Amino acid sequence: MNHNIEIRNLSDFNDISLLKKLYNLNQANVPEVGSIKNLNDFINLLKLSDDILLSYADNQMTGFVVCFYEKSDYSSLNYKYFLENYSDFLYIDRIAISKNHRRSGIGSALYKKLIERYRKTKSIICCEVNIKPINTISLNFHSRFNFQKVDEKDFISHRVSYLVRKNTC
């Protein structure tokens, strides 16, 4: 697929139509991203986050990434792992791409924008990826962006690998 990909910041939390689209896209990407109970909880997550990028291809919203800095009040256990082990970071909480646009460069465009934006201000970019059940596509994707495994954690229903990409100016 050849798309004209544009990356924008989410800036309007009053655009309920867009927020519903983002919520539905999140839910369509479960279990690769965590399920969120309802639209209000999703909006609260977005408002708590520090950076949200949206991708558009041919003027159609196709994906998003939600990120947190250190010192957020975010209660995710995975986020807390990085908070306990690193002092300066950008945590990628979730990335969701519409099924029709996967493997077409959307995720890469979002990550390239994050890396460019935070190269000089955050020492690492970090995230977790499911390894049980295994998410091979995501592991390979992160490997291409020089993320390296630093730890693993077991949860009741799954196991994750904690990944870090060290930024260099």
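1. Asp-88 is partly exposed, with a relative accessible area of 22%; the class covers values between buried (under 20%) and exposed (over 50%), computed with a 1.4 Å probe on protein chains only. The model is predicted, with pLDDT of at least 70 needed for local features and 80 or more for side-chain atom pairs, while totals for chains, interfaces and linings use all residues. Residues are numbered from 1 along each chain as its sequence is written, and side-chain values use heavy atoms, without hydrogens and water.

2. Asp-88 and Lys-122 meet in a salt bridge (3.8 Å, N to O), the term requiring a side-chain nitrogen of Lys or Arg within 4 Å of a carboxyl oxygen of Asp or Glu. Because Asp-88 lies in the loop between H3 and S4 and Lys-122 in the loop between H4 and S5, the pair ties together parts 34 residues apart in sequence.

3. Lys-122 also forms a salt bridge with Glu-70, at 3.1 Å between the closest N and O atoms. These two residues are 52 residues apart, with Glu-70 in the loop between S3 and helix H3 (77–85). Lys-122 is buried at 10%, and Glu-70 is buried at 15% relative accessibility.

4. Strand S4 (residues 89–97) has eight of its nine residues buried; helices (H or I, at least four residues) and strands (E, at least two) are DSSP runs numbered from the N terminus. Seven bridges join S4 to the antiparallel strand S3 (residues 60–69), where pairing requires at least two DSSP bridges. S4 pairs with S5 (residues 124–132) in the parallel sense over three bridges.
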